Amino acid sequence: MSRGSGKGLSLRDKLDGNELDLSLCDLNEVPVRELAALPKATVLDLSCNNLISLPSDFCSLMHLVKLDLSKNRLQQLPLDFGRLVNLQHLDLLNNRLVTLPVSFAQLKNLKWLDLKDNPLDPVLAKVAGDCLDEKQCKQAAVKVLQHMKAIQSEQDRQRQRKLQAEREMEKKREAEQRAKEAQERELRKREKAEEKERRRREYDAQKAAKQEMEKKTKKETVHTRKPASSSRPPQPPRHKPSWSRSVLRVLLFVLFCILCTLAACKLTELQRQPLCVSVNTLYEDVVAALQNHKTLQNMLQHNS
């Protein structure tokens, strides 16, 4: 392959045991597909090329144990660079890196790291320190991993807080929706009750109007039938008891009382009492008067 594209070059010719040296090949792209076909190449040297970035499928080369990307023009690493979990040795000397992807924290087997001569973020640069000897490069690997794990944890916490906030917001929205639905149900219930009450009033009004109409019709029927009844022969008037009958009854009662008193005074031992004496005398006077009256009548009839 040409030095720029990588085509036409046999990678197997450059493979020496488990080491594949592609340095100083003037590469501006990484032949990922060809590298993936060589799983035995666990040590890969891509130093001193013109690489500006790594393709996302580069992270599928999970068989890599040692990777040299020094003296390129890399501005960033792929976001899922942490998929290279078997990586133990990483050289990023003299690139243009400012930060590392958070997934870098997943390189749990990383033992050696060189980040010198990169325009690193001041915090990251302070954590990485120098890599002037084996010990410093190992410390850089440990400290950078810890730093990236802390960043990952913080991002996870932020993500968790954001997720919790979204859940709370969702719960709030659901509660508001439930309250709104309950309010709508209550409103519909109230409207239904009002409609029922309105229909009941209408029914009562119609019933009252019907009853009033029936009463009116009945009265009209009664008034209509009255003239027909007047054609019947008049009934004889009923005689009311007159006052004369009452007087007669009183007189009879008085006469009865007199007779009873007279009998008592004539026939019982009470005749010697002063009252009975007066009664008996009155009785004899009355009888004498009646006899005189009868005698007078006889004389008048005889003279005539």
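**Entry 1: the whole chain**

I began with burial: of the 304 residues of the protein chain, 25% count as buried. The model is a predicted one. I looked up the accessible surface of the protein chain and found about 22700 Å², with 55% of it belonging to carbon and sulfur atoms.

I then checked the confidence. The pLDDT of the protein chain averages 86, and 88% of the residues score at least 70. Residues 1-8 have a pLDDT below 50, and this stretch has 16 contacts in the model beyond near neighbours in sequence. Where pLDDT is low, predicted coordinates should not be read in detail.

**Entry 2: order of the elements**

I listed the secondary structure next. The protein chain has six helices and six strands. Read from the N terminus on, the order is α-β-β-α-β-β-β-β-α-α-α-α.

Taking contacts between residues at least 6 apart in sequence, 34% join residues at least 24 apart.

**Entry 3: the nonpolar core**

Which residues of the largest nonpolar core touch the most other members? I found Leu 46, Phe 58, Leu 67, Phe 81, Phe 104 and Val 144, in a core of 42 residues. The elements giving two or more residues to this core are α2 (32-36), α3 (122-128) and α4 (134-230). Of the elements, α4 gives the most, with four residues.

I followed Val 144 in more detail. Leaving out residues up to four places away in sequence, Val 144 touches Leu 100, Phe 104, Leu 113, Leu 115, Leu 124, Val 127 and Ala 128. One of these, Phe 104, is also on the list of core residues that touch the most other members.

**Entry 4: the loop between β6 and α3**

I moved to the loop between β6 (112-114) and α3, where Lys 116 is found. What does Lys 116 contact, apart from its neighbours within four places in sequence? I noted Leu 92, Leu 93, Asn 94, Cys 131 and Leu 132. Lys 116 and Asn 94 are 22 residues apart in sequence, while their C-alpha atoms are 6.3 Å apart in space.

Asp 117 is found in this loop between β6 and α3 as well. Its phi is near 60 degrees, a positive value in a residue other than glycine. Most residues other than glycine have a negative phi. Is Asp 117 buried or exposed? Asp 117 counts as exposed because its relative accessibility is 55%, and the cut-off for exposed is over 50%.

**Entry 5: Cys 48**

I looked up another positive phi. Cys 48 has a phi near 60 degrees and is not a glycine. Cys 48 is found in the loop between β3 (43-45) and β4 (66-68). With a relative accessible area of 31%, Cys 48 is partly exposed.

**Entry 6: salt bridges**

I went through the salt bridges, for which the count comes to 11.

Arg 83 forms a salt bridge with Asp 80, and the closest N and O atoms are 3.5 Å apart. Arg 83 is partly exposed at 37%, and Asp 80 is partly exposed at 27%.

Glu 154 forms a salt bridge with Arg 161, with 3.3 Å between the closest N and O atoms. Glu 154 has 29% relative accessibility and counts as partly exposed; Arg 161 is partly exposed at 47%.

Arg 198 and Glu 202 meet through their side chains in a salt bridge of 2.4 Å, N to O. Why are Arg 198 and Glu 202 separated by about one helical turn? The reason is that they are four residues apart in helix α4. Arg 198 is partly exposed at 33%, and Glu 202 is partly exposed at 36%.

I also noted a network of salt bridges that links Glu 197, Arg 200, Arg 201 and Asp 204.

Leu 248, Val 250, Leu 252, Phe 253, Val 254, Leu 255, Ile 258 and Leu 259 make a nonpolar surface patch of about 770 Å². Val 250 counts as partly exposed because its relative accessibility is 49%, and partly exposed runs from the 20% limit for buried to the 50% limit for exposed.

Definitions and conventions: Residues numbered from 1 in each chain as written. Predicted model: local features only at pLDDT ≥ 70, side-chain atom pairs only at ≥ 80, totals over all residues. Heavy atoms only, no water. Patch = residues over 30% accessible without salt bridge, like charges linked within 9 Å, V, L, I, M, F, W, Y side chains within 5 Å. Areas by Shrake-Rupley, 256 points an atom, 1.4 Å probe, with all protein chains shown as cover. Salt bridge = Lys/Arg side-chain N within 4 Å of Asp/Glu carboxyl O. Buried < 20%, exposed > 50% of the residue type's maximum accessible area, 1.4 Å probe, protein only. pLDDT = per-residue confidence, 0-100. Contact = heavy atoms within 4.5 Å. Core = buried A, V, L, I, M, F, W, Y, C linked by side-chain atoms within 4.5 Å.
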